[in-house]
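Open the model in your viewer and keep the selection tool at hand. This tour goes stop by stop.

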Amino acid sequence: MDRRKFIRSSGFSVGMALTLPATLSSCNKADSTTANITPISTDISTWEGVRALFPLDNSHVQMAQMLLASHPAPVAEAIEKHRKAFDNNPAMYWEENFMTAELIVCDAAAKYMGVTAAEIALTDSTTMGTSLLFNGMKLRPGDEILATTHDHYVTDKSIEFTCKKKGASYRRVEEYHDPRTVTVDEVVGNIKKAISDKTRVVMVTWVHSSTGVKLPIAEIAEAIKEVNKGRVEDNRIYFAVDGVHGFGNQDKDIAELGCDFFSAGTHKWIFGPRGTGVLYAKREAWNFIEPTIPPFSEYPFLEYLGNPPEREPTFHELMTPGGFHSFDFRWALNTAFELQMEMKRDRVHQRTTELSTHVKEGIRNIPSVDLITPLDPNMSAGINCFMVNGLEAEETVRRFHEMGVVASSSPYRQSFARLTPFVGNTMDEVDRSLEVLAKIAKA
């Protein structure tokens, strides 16, 4: 069978686009919906303009967008265009776009993240990315994963599952004793001290949704790099990060962080379509991971047929799970990254910091309320955790809801209430939230 004819008709070549010359891979049909996203009509040079993009119920103060974001107008429009096209002629729309649609998404993600498109696999969530990552690690019996006491349930269970399967072990280090007084030296020192001769993977969470603490990822990466200088390549330590709550509110290229792997959902701070995410792997770390779900891309399928391309497969090709997904949502993800780039990453970071600092300073001035999250923006990022004397976190959140503020609580063994502003909030809304907190604390 003619190979090119087979590729055109098979539906297994999304990954092929990632290996084409740039002049070819960027070409789309003139009538392709993926290339005709409506430009942003609001003036997003102002925060009022950004706010207008979100169809939120502003009769409530929305202080929990970090949990699941509202679709801003450009993203909603892109989803709807894809949905209509699929509904009108699903097979033809798939055939016309499957080779380029995910490349468009990966290209947009790569520009925002400061990495290459080939290093990005598309997932449905942080949970999926983290699970695929750990399940695919080439661990040997006796190898050790070092994680922390502040990681999410998903991280803990993903590590536990893979260690049971592969005969590896895991330990958790307490990287800081008190979130209120955490320092860079404390975190880096505790992690470095906990590394043993058996450690093959260090896993941390960039921003803790449990406490609001932001870990110094670049400094941890540098400490691991120093340890690796004394190890042979076959025994090097790989550094993995759950990055979801820093992804979209920090002004950092992912490559600058120095980690080998980075997993994040894009339906939180990135404001992407629900059910989308990314898993990044540095090129030098690809050989440590094997796929779990068969991918729908050129290299693995042609290898299956006994005719692999004369090149190495990309991480995108091997690790993006195959099967039919909610493509109207996945193919619209590029629009969210483009919106982030238009808003400007440094500007989003500054505004998020400004709003959160205002929250924390206000909390500190309310009697009977204990601010858990560090005030220092170098050690925190967006999520602001606190305790009201005598109240469980869930009860605090319930009272917020009754008084018109959508707050949240952290789903951990020790739970705190949280106020998490995003760039669509106003300072007036922050002040209203603080007024409600004062009433709750006084009651």
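The stops below cover a sheet, the helices across it and the cores.

This is a predicted model: local features need pLDDT of at least 70, side-chain atom pairs count only at pLDDT 80 or more, and totals for chains, interfaces and linings use all residues. Residues are numbered from 1 along each chain as its sequence is written, and side-chain values use heavy atoms, without hydrogens and water.

**The sheet.** Helices (H or I, at least four residues) and strands (E, at least two) are DSSP runs, numbered from the N terminus. Strands pair if DSSP finds at least two bridges between them. Select the seven strands of the open sheet, in the order E2-E8-E7-E6-E5-E3-E4. The pairing is mixed. E2 (120–123) and E4 (169–173) are the edges; each has a single partner strand, so one side of each lacks a neighbour in the sheet.

Now pick E3 (144–148) and E5 (199–205), parallel over three bridges. Leu146 has Val202 in E5 as its bridge partner.

**The core.** A nonpolar core is a set of buried (under 20% relative accessible area, 1.4 Å probe, protein chains only) Ala, Val, Leu, Ile, Met, Phe, Trp, Tyr and Cys residues joined through side-chain atoms within 4.5 Å. Which residues touch the most other members of the largest core? Select Met113, Ile120, Val202, Phe239, Phe247 and Phe262, out of 73 residues. H6 gives this core its largest share, seven residues. Apart from it lies another core of 25 residues, including Phe134 and Ala147.

How values were computed. Buried means under 20% relative accessible area, exposed over 50%, partly exposed in between (1.4 Å probe, protein chains only).
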